[in-house]
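Let's take a friendly walk through this structure. Have a look at the picture, and then we will go through a helix packing and some aromatic rings.

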Amino acid sequence: MSADPIEPNPIDAPGTTEDEWRAWDGLAELPALDASAWRSVVVVAAHPDDEILGVGGLMAMLADRGVRLRLVAVTDGEASHPAVAPEEIAARRIAESAAALAHIGACETVRLGLPDSGVKDEELRRLLPGLIDGFDACLTPWEYDVHADHEAVGRAALACGGQVWRFPIWTWHWARPGDPRLPWERAVRVPLPPPARERKRAAIDCFTSQFEGAEPILPPGVVAHFTRPWEVLFH
């Protein structure tokens with residue numbers, strides 16, 4: 001008896017282009033996020049660059065308002081380049097994240113150092129509450145992003161309770177405009193004025209390790225999803 005075929009990871013398949021997303025009126029019609037009452041925000045990121053790709057523009061605008069920002073970096077991204085020594089790529093990605101945050105504004109960083117590609121719900125649920133409690137809002141990857149680490153981080157953040165907003169990352173690649181698998185009824189749009197967009201773009205450009213090689217982790221077509229004039233959150 002032959003084994004059941006293994007379903008390919010949607011992240012590895014050809015994805016939806018940014019032109020297709022921008023041609024869809026649904027994104028422009030989403031209600032705008034009202035973050036005017038936020039005085040403190042914690043961002044929980046599975047890997048260095050998640051925070052910038054998902055909510056870098058929003059973070060820049062919050063920093064300009066003097067909102068207290070904390071980044072909880074769950075892993076150091078050491079599994080992104082299997083041919084490179086883990087400690088070497090981790091050090092590089094940590095440095096890239098610090099350089100990116102310098103473009104965003106004041107943000108304290110807490111690094112958990114959990115294993116990249118091996119994040120466990122139970123460990124995060126033990127560590128996160130003390131790092132999230134007391135903040136007005138928590139921003140974290142969407143728990144159905146089809147990346148195991150992103151999903152574990154999203155679930156653990158939700159388990160902490162409070163006001164948790166989730167940002168898609170790989171969803172823009174594998175989903176399609178109007179995709180019924182996405183909770184559009186709970187989605188909001190974060191319009192980014194030009195200065196915030198420029199700072200976010202400068203921050204993205206700091207992650208040079210993700211752009212290198214014949215098959216970069218973040219090719220131009222993927223980066224295009226994160227340079228649009230708004231960000232999207234699910235509540």
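At what angle do helix α3 and helix α9 pack, and how far apart are their axes? Helix α3 (residues 50–64) packs with helix α9 (residues 194–204) at about 130°, and their axes are 9 Å apart. That makes α3 oblique to α9; angles under 35 degrees count as roughly parallel, over 145 as roughly antiparallel, 65 to 115 as roughly perpendicular and the rest as oblique. The contact (heavy atoms within 4.5 Å) brings residues of α3, including Ile52, Leu53 and Met61, to residues of α9, among them Ala196 and Ile204. The residues of this contact divide into 7 nonpolar, 3 polar and 3 charged; Ala, Val, Leu, Ile, Met, Phe, Trp, Tyr, Cys and Pro count as nonpolar, Asp, Glu, Lys and Arg as charged, and the others, Gly among them, as polar.

Before moving on, note that this is a predicted model: local features need pLDDT of at least 70, side-chain atom pairs count only at pLDDT 80 or more, and totals for chains, interfaces and linings use all residues. Residues are numbered from 1 along each chain as its sequence is written, and side-chain values use heavy atoms, leaving out hydrogens and water.

Now for the rings. The whole structure holds 9 aromatic pairs, meaning rings of Phe, Tyr and Trp (its six-membered ring) with centres within 6.5 Å; planes under 30 degrees apart count as stacked, over 60 as edge-to-face and the rest as tilted. Trp21 and Trp172 pair edge-to-face, 4.9 Å centre to centre with 90° between the planes. Trp21 lies in helix α1 (residues 18–23) and Trp172 in helix α8 (residues 171–174), so the pair ties together parts that are 151 residues apart in sequence. Trp21 and Trp172 also belong to one aromatic cluster, which includes Tyr144 and Phe234.

Technical notes: Axes fitted to C-alpha atoms, helices over the stretch in contact; angles between N-to-C directions. Helix = DSSP H or I, 4+ residues; strand = E, 2+ residues; numbered from the N terminus.
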